[in-house]
Amino acid sequence: MIRTRAILITGVNGEIGHGLVMAVKDQRNEDIIGLDVEEVDRSLKASLLENITGNILDQNILDHINSRFELTAIYHLAALLSTRAEFSPRTAHQVNVDGTFNLLALAVDQSRSQGRPVKFFFPSSIAVYGLANLKEKNKAGQLSEKQYLFPQTMYGCNKLYCELLGTYYAEHYERLAADAGALRVDFRSLRFPGLISAVTLPVGGSSDYAPEMLHAAAQGQPYECFVRKDTAMPFMTMPDAIRATLMLMEAPREALTRRVYNIGAFAPTAGQLRQRVLKDFPKARITFAMDEKRQAMVDSWPTDVDDTAARTDWGWQPQHSFEEAFAYYLIPHLRNRYGI
Ligand code: AKB
């Protein structure tokens, strides 16, 4: 029996999953298998060759996928975000780490049967960084890929380990085997900043204050921001995150000098976000009520990242600066979405 060629997207119901399905459907001639632990959103179903409801920890599901499809690439998006992971560290480890391990094993099986490497995309995060305190954060400024890798959150630990695990699969997997050296998993990863979508809202992250503030304002609802006004961290629009993902996956292997890249776009403080939201929604009621524990998590993340390697190796350049993000993407789409 011949298997059907497709790409696999795990966690397809999530924010990145939504954006990625739409972009792949618009720009590429590839069939998509969508996997999610919840029933796949109705809005996505028409764009998928097959939607599968199942857990990435269930080997039967992965065996089923392996037996039916020839996967040209795996976009492994399923994860518990940083705030949720602190409440359920065991589940976070199982989903974020064991789940990734299972998907890497699937990629190896696929590579063996296809006789070629399988591309594997892993969304990492600025949560891999860990700055000791605010003084250190402000002093450190933009961080390169190798600095301050001492995460203070479960999610950050999970992401950092999986960056290393994926790199091991790409560079040294079964290094003592007779056929050692064959590239099986072409692992590629981006450290995403906080992502802001005009279409969906994140669940369980610590950078959620930015999208929550915006969506609340667009709906005329009050919003209490859980970090201080002066809190800075990097953000990016969802279309830029999707564009970066596809650019990295399309880049020729020889152009890549690393397997994990920082990417940045803009890095406003929460106060600057509020000011910009008020420009378009002058009646928005946005107040600040700091949650000390979530604040400390965000304070351990950098104010911004150095993405020189991504710019040099594969031409990364965000389409949306802070002002462009609001003027050309967020505000028009939010107005359209909420009918204002
Ligand atoms: C989160 O807040 O957990 C994520 C992230 C920064 O990776 N948005």
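Select Thr 167 and Glu 163. A polar atom of the Thr 167 side chain lies 2.7 Å from the backbone oxygen of Glu 163. Keep in mind that this is a predicted model.

**Stop 1: around Thr 167**

Is Thr 167 buried, exposed or partly exposed? Its relative accessible area is 25%. Buried would need a value under 20%, and exposed a value over 50%. Thr 167 is therefore partly exposed.

Now show what Thr 167 touches. Skip the neighbours within four places in sequence. Beyond them, Thr 167 is in contact with His 172, Phe 187, Arg 259 and Val 260.

Next, pick the C-alpha atoms of Thr 167 and Ser 189. They are 9.2 Å apart in space. In sequence, the two residues are 22 residues apart.

**Stop 2: the sheet**

Switch to a cartoon view and colour the strands. In what order do the 7 strands of the open sheet run? Read across: β3-β2-β1-β4-β5-β7-β11. The pairing is parallel.

**Stop 3: strand β4**

Select residues 69–76. This is strand β4, and 7 of its 8 residues are buried. That is why β4 counts as largely enclosed by the rest of the structure.

For one example, show Leu 8: its bridge partner in β4 is Ile 74.

Now go to the β5 side, residues 118–125. Here 3 bridges join β4 to β5, again in parallel. Which residue of β5 does Ile 74 stand opposite? It is Phe 120. Move along to Tyr 75, which stands opposite Phe 121 in β5.

**Stop 4: helices on the sheet**

Select residues 15–27, helix α1. It packs on the sheet. The strands it touches are β1, β2 (32–36), β4, β5 and β7 (185–192). The direction of α1 makes about 150 degrees with that of β1.

Finish with residues 238–250, helix α9. This helix lies across β4, β5, β7 and β11. Relative to β7, α9 runs at about 155 degrees.

Key: Residues are numbered from 1 along each chain as its sequence is written. This is a predicted model: local features need pLDDT of at least 70, side-chain atom pairs count only at pLDDT 80 or more; totals for chains, interfaces and linings use all residues. Side-chain values use heavy atoms; hydrogens and water are left out. Buried means under 20% relative accessible area, exposed over 50%, partly exposed in between (1.4 Å probe, protein chains only). Helices (H or I, at least four residues) and strands (E, at least two) are DSSP runs, numbered from the N terminus. Two strands pair if DSSP finds at least two bridges between them. Contact means heavy atoms within 4.5 Å. Axes are lines fitted to C-alpha atoms, for helices over the stretch in contact, and angles run from 0 to 180 degrees between N-to-C directions. A polar contact is a pair of N or O atoms within 3.5 Å; within protein, one must be able to donate a hydrogen and the other to accept it, and residues adjacent in sequence count only if both atoms are side-chain atoms.
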